[in-house]
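I opened this entry to keep a record of what I looked up in one chain, going from the whole fold to single residues.

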Amino acid sequence: MPSNKSVSDAPIVQFTNCRILRSHQLQREDLWVREGKILNPEKLFFDEKGSADIQLDCKDSIIAPGFIDVQINGGFGVDFSLATDDFKSGIDLVSQKILSHGVTSFCPTLVTSPPSVYHQVLPQISIRNGGALGAGILAGAHLEGPFISKEKKGAHPEHCLRTFEEGAFQDLLATYGSLDHVRIVTLAPEMKRSSEVIRELTKQGICVSLGHSVANLSQAEEAVQHGATFITHLFNAMLPFHHRDPGIVGLLTSDKIPAGRRVFYGMISDGIHTNPAALRIAHRAHPKGLVLVTDAIAGMGLAPGRHTLGQQVVEIDGLNTYIAGNCGTCSVSPCFPGTKTLSGSVATMDTCVRHFQEATGCSVETALEAASLHPAQLLGIEHKKGTLNYNSDADFLMLNDSLYVQATYIAGEEVWRQKVLGM
């Protein structure tokens, strides 16, 4: 057998008997991995005269890129918008637990909070690669608010909302404290001075997302022309579609998007936040922009009951999450009277992928790319994440034909596997 040692001492692993999602299609071929990267087998065979050191039979599994969640507020009792002394252990717990959902990278999300929370929490969010201890934080945090509309605040606490004052960008910096580990900022584009903030954030490589907003279509188009590239949970917390002025939703078919620019939009495909018909409308209007997000809160993975979302208490009832009523005993204040305002989700990413595929009737490939390729493109990391192209990072999943995750790999190493009953 030819030697592999001329290029690297690292072992070459060959995943056989699988269908790989590559170039938008499931292709029946083997996956080759070395040193955490996807190998080109032709170069391996003909240039290096190499072969596999280890062969793994995938038993006809689908192999797809790892999922990337760009909007997740917490889970398993951990709330990213609460400043705690053990914040690192909390984010580590969520990172580890979401491996079973197929998530290999994520953007921890903070909802509208007082400046003191941002100042304490953001320095504790460090960008890092994933591994056996959990999913990676590869791009930074998603800050959803506080520069959003009072009319469309959703579950965000009104007393923490802010507008842009003179020196708008400096005002934003003073609120957050630092943008060092920030990748996405959600704001309402109709706010005065928002254009200068969008331009400056874009210059710094930060993705600007439009959401919690009463913007009309022209205001949304202007924001995109200044650099905005994302829409936060489409249809939720924005003006409803109207045929004379479709508002932010109209960006999906706008003819005023700058050449070469793609507008992406997040959707919470949990069967609660968006009717399947609306999900189908959005997907058919702009399929290449759809990014599945969980918008998961601290109660994800826990029993129904009361949990937190930043400064507020929420009630989980089945798959529904609402701002809770005033129980008089909550440690979080203020605790507002109960409403039917949705406040995040308890859905997992793999559940969202399956629901999206079922609701739209789209192909398996399309459903998987909405949770992998599209968020990677949004974040500008598609050269290393979100695909299984040669030389990309070997972050991938094994799934069955029903899109249930069987195993999760990061950098070519197995980090989670579904336990088989009786084993």
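The notes below follow the order in which I looked things up.

**Whole chain.** I am working with a predicted model, and I began with its overall dimensions. Along the principal axes, the C-alpha atoms of the chain occupy a box of roughly 70 × 50 × 40 Å. I then compared the radius of gyration with the globule rule: a compact globule of 423 residues would come out near 22 Å, and the chain has 22 Å, so the two agree. For secondary structure I noted 10 helices and 21 strands.

**Domains.** I took the domain assignment next, which gives domain 1 as 13–64 + 387–417 and domain 2 as 66–302 + 307–313 + 340–379. I found the C-alpha centres of domain 1 and domain 2 to be 30 Å apart, and the contact between them draws 20 residues from domain 1 and 21 residues from domain 2.

**The interface.** What area do domain 1 and domain 2 bury between them? I noted about 1,700 Å², with 72% of it on carbon and sulfur atoms. On the side of domain 1, the residues that lose the most area to domain 2 are H24, L403 and I410, which together account for 32% of what that side buries.

**Salt bridges.** How many salt bridges does the rule count? I recorded 17, and I followed up the one between R19 and D401, in which the closest N and O atoms are 2.7 Å apart. R19 sits in strand β1 (residues 13–22) and D401 in the loop between β19 and β20, so this pair ties together parts of the chain that are 382 residues apart in sequence.

**Backbone geometry.** I checked the peptide bonds and noted that G145 and P146 are joined by a cis peptide bond, with omega at about 10 degrees. P146 belongs to the loop between β10 (141–144) and α4 (168–176).

**L319.** My last entry concerns L319, which I placed in the loop between β17 (312–317) and β18 (320–323). Which residues does L319 contact, once its neighbours within four places in sequence are left aside? I found D270, I272 and V346. I also looked up L319 against L210, which is 109 residues away along the chain, and their C-alpha atoms are separated by 26 Å.

Note on methods
Residues are numbered from 1 along each chain as its sequence is written. This is a predicted model: local features need pLDDT of at least 70, side-chain atom pairs count only at pLDDT 80 or more; totals for chains, interfaces and linings use all residues. Side-chain values use heavy atoms; hydrogens and water are left out. Domain bounds come from an automatic or database domain assignment. Contact means heavy atoms within 4.5 Å. Buried area is the accessible area (1.4 Å probe) that two parts lose on being put together, summed over both. Helices (H or I, at least four residues) and strands (E, at least two) are DSSP runs, numbered from the N terminus. The radius of gyration is taken over C-alpha atoms; the globule rule is 2.2 Å times the number of residues to the power 0.38. A salt bridge is a side-chain nitrogen of Lys or Arg within 4 Å of a carboxyl oxygen of Asp or Glu.
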